[in-house]
Amino acid sequence: MAFKKLGKRLLLWPFGFLFLLMTILYFTPQTARLFYPKEVLNISPSEAKNLIQSQKLLILDVREQAEYEVSHLSGAKRFTPEVLKSIEPDTEILVYCTVGVRSASLAKELKNQGFSNVHNIDLGIVNWKNQGFEVVDDKEQTTEKVHVYKGIFGHWLKKGEAVK
């Protein structure tokens, strides 16, 4: 009996590995969008840039501290729950991460908490940089570097320098 279970596991392992490999190799910007919640308003980097220039809003970087230190949008705060404590529910909020999946998840959560004006940058900071927009480092100096989240999104970055 134990050998039958082990045999099935050994047989399934290569298929699981193959599925994982195919997912990594063929994970594209179009497939990343499949992970965005439908309730979230995704906007292009150009729309985000216009929003930033036209009004006061809260820009939240959803990435880890190490990612944020490499580069972030000028004026962005790294998200922590404490950031929201003094924010009014009608505050205009722009969120982003590397390719928009983590930030879309936060955008949905913020909407569920009653924040009504939440926008997610479609395909994140990678798309922002690919559109030729500026990012800054932890010293607020312009940089070409973009942290590409464990390196898996480095091949999506067409402008700038990928950092793992």
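## Worked exercises on a predicted model

Glu64 touches Arg78 and Arg102 once residues up to four places away in sequence are set aside, where touching, or contact, means heavy atoms within 4.5 Å. Residues are numbered from 1 along each chain as its sequence is written, and side-chain values use heavy atoms, with hydrogens and water left out. This is a predicted model: local features need pLDDT of at least 70, side-chain atom pairs count only at pLDDT 80 or more, and totals for chains, interfaces and linings use all residues.

**Exercise 1. Place Glu64 in the fold, and find its C-alpha distance to Cys97.**

Step 1: look at the secondary structure. Helices (H or I, at least four residues) and strands (E, at least two) are DSSP runs, numbered from the N terminus. Glu64 sits in the loop between S2 and helix H4 (65–70).

Step 2: take the C-alpha atoms. Glu64 and Cys97 are 33 residues apart along the chain, and their C-alpha atoms are separated by 9.1 Å.

**Exercise 2. Work out the strand order of the open sheet, and say which strands stand at the edges.**

Step 1: list the pairings. Two strands pair if DSSP finds at least two bridges between them. S1 and S5 are joined by three bridges and run parallel; S4 and S5 are also parallel, with four bridges. S2 and S3 pair in the parallel sense over two bridges.

Step 2: read off the order. The five strands of the open sheet go S1-S5-S4-S2-S3, with parallel pairing.

Step 3: check the ends. S1 and strand S3 (77–78) each have a single partner strand, so one side of each is left without a neighbour in the sheet.

Step 4: Over at S3, Lys77 stands opposite Leu60.

**Exercise 3. Which residues of H3 are buried, and what covers them?**

Step 1: sort by accessibility. Buried means under 20% relative accessible area, exposed over 50%, and partly exposed in between (1.4 Å probe, protein chains only). In helix H3 (residues 45–54), the buried residues are Pro45, Ala48 and Leu51.

Step 2: look down the axis. The buried residues of H3 fall within an arc of 120°, so they line one face of the helix; the arc is that of the directions from the helix axis to the C-beta atoms. An α-helix has 3.6 residues a turn, so residues three or four places apart point the same way.

Step 3: The face of H3 turned away from its buried side carries the exposed residues Gln53 and Ser54.

Step 4: name the cover. What lies over the buried residues of H3 includes strand S1 (41–43), strand S4 (92–96), strand S5 (117–121) and helix H6 (124–130).

**Exercise 4. Which members of the largest nonpolar core touch the most other members?**

Step 1: set the rule. A nonpolar core is a set of buried Ala, Val, Leu, Ile, Met, Phe, Trp, Tyr and Cys residues joined through side-chain atoms within 4.5 Å.

Step 2: Of the 41 residues in the largest one, Leu60, Leu73, Ile93, Val95 and Leu110 touch the most other members. H3, strand S2 (58–61), S4, helix H5 (101–112), S5 and H6 each supply at least two residues of this core.

Step 3: zoom in on Leu73. Leaving aside neighbours within four places in sequence, its contacts include Ile52, Tyr96, Ile125 and Trp128.

**Exercise 5. Classify the ring pairs Tyr149–Phe153 and Phe153–Trp156.**

Step 1: set the rule. Rings of Phe, Tyr and Trp (its six-membered ring) pair if their centres lie within 6.5 Å; planes under 30 degrees apart count as stacked, over 60 as edge-to-face and the rest as tilted. The count comes to three aromatic pairs.

Step 2: apply it. Tyr149 and Phe153 have ring centres 6.4 Å apart and planes at 15°, so the pair is stacked. Phe153 and Trp156 are tilted, at 4.8 Å centre to centre and 50° between the planes.

Step 3: join up. Ring pairs link Tyr149, Phe153 and Trp156 into a cluster. Phe153 and Trp156 are both buried, whereas Tyr149 is partly exposed at 26% relative accessible area.
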